[in-house]
Amino acid sequence: MFKRLRARRGGTTPPFEAPIAPDQPFVVIGDIHGCLTQIKALLPLLEGHGTRVFLGDYVDRGPQSAQVLTRLFALQTERPADVICLMGNHEVMMLDFIDDPLGGGSRWLRFGGVETLASFGISIADPAHSSEDFPDVAELLEQAMPDGMLQWLRDLPLQWSSGNMHCVHASMNPAKPPDAQSENALLWGHPAFFSAPRRDGQYVIHGHTIVAEGAVCDGRISVDTGAYRGGALTAAQISTGSAKFITV
């Protein structure tokens, strides 16, 4: 489904009518946020649909972030040609905490970091009054990760493309080509992403912004359906001319 948007200076803009044209079939999975039960139920449904691309935000808010990371880390290690894990803004915040627990990294604890620490077996007192403990907590988190996981997290790419389909965590600037995007737009969003359709026939498949159900609109394919707060976990099966949604 495609939506017509009004141009800023009157009249109408042409609807986005570019074909869905990947180089190969693949499937994209939205934000997991520590929801192990849902990803375990979804994965068997994705077998045989091509490369699996995870859009980031594996941690925080849900109860089993450590277990989700362990599952994805093993999956990509075992099948590196078939599994792509992208960086999300919550992975960035967690890495910032590890690297700078007394500085900017401390904000992670306000956005789900406490729940992620608990999933690794690490408890923390009231984050608002225990900042002196943050360096020790960061060290405990690093030690709790399996060998190789921290470097794997640091190396997660920001986007993956096939044909005119571009997978990112949050968004792209609709006025710039896919290979000229800022890290901030890819991870945190762009103010024009939902209001201005692209003009270059390129699709952006994204998570980060919760929608009621998977949707295709004006070159955007949205797949974050809020699994951590009781919604479904959604994947989009992409093939030539088609985007089909799978939910659990």
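Is threonine 116 buried or exposed?

Guide: Threonine 116 is buried, because its relative accessible area is 0%. Buried means under 20% relative accessible area, while exposed means over 50% and partly exposed lies in between, as tested with a 1.4 Å probe on protein chains only. The model is predicted, so local features need pLDDT of at least 70 and side-chain atom pairs count only at pLDDT 80 or more, whereas totals for chains, interfaces and linings use all residues. Residues are numbered from 1 along each chain as its sequence is written, and side-chain values use heavy atoms, with hydrogens and water left out.

Threonine 116 belongs to helix H4, which covers residues 113-119. Helices (H or I, at least four residues) and strands (E, at least two) are DSSP runs, numbered from the N terminus. The side chain of threonine 116 meets that of aspartate 60 in a polar contact of 2.5 Å. A polar contact is a pair of N or O atoms within 3.5 Å; within protein, one must be able to donate a hydrogen and the other to accept it, and residues adjacent in sequence count only if both atoms are side-chain atoms. If neighbours within four places in sequence are set aside, threonine 116 is in contact (heavy atoms within 4.5 Å) with Val59, Asp60, Ser65, Met94 and Trp108.

Consider H3 next. Nine of its 11 residues are buried, so H3 is largely enclosed by the rest of the structure. Two packed helices are described by the angle between their axes and the distance between the axes. Helix H3 (residues 89-99) packs with helix H5 (residues 134-144) at an angle of about 120 degrees, their axes being 8 Å apart. That angle makes H3 oblique to H5, because angles under 35 degrees count as roughly parallel, over 145 as roughly antiparallel, 65 to 115 as roughly perpendicular and the rest as oblique. Axes are lines fitted to C-alpha atoms, for helices over the stretch in contact, and angles run from 0 to 180 degrees between N-to-C directions. From H3, Met94, Phe97 and Ile98 meet Phe134, Val137, Ala138, Leu141 and Glu142 of H5.

Two strands pair if DSSP finds at least two bridges between them.

S9 and S10 form a hairpin with two residues between them, and glycine 241 in the turn has a positive phi of about 80 degrees.

Histidine 169, in the loop between strand S5 (165-168) and helix H7 (183-188), is buried because its relative accessible area is 0%. Its side chain makes a polar contact of 3.2 Å with the side chain of aspartate 57.

Finally, a word on confidence. The chain has a mean pLDDT of 93, and 94% of its residues reach 70 or more; pLDDT is the predictor's confidence in each residue, from 0 to 100. Over residues 1-11, however, the pLDDT is below 50, although this stretch has 21 contacts in the model beyond near neighbours in sequence. Where pLDDT is low, the predicted coordinates should not be read in detail.
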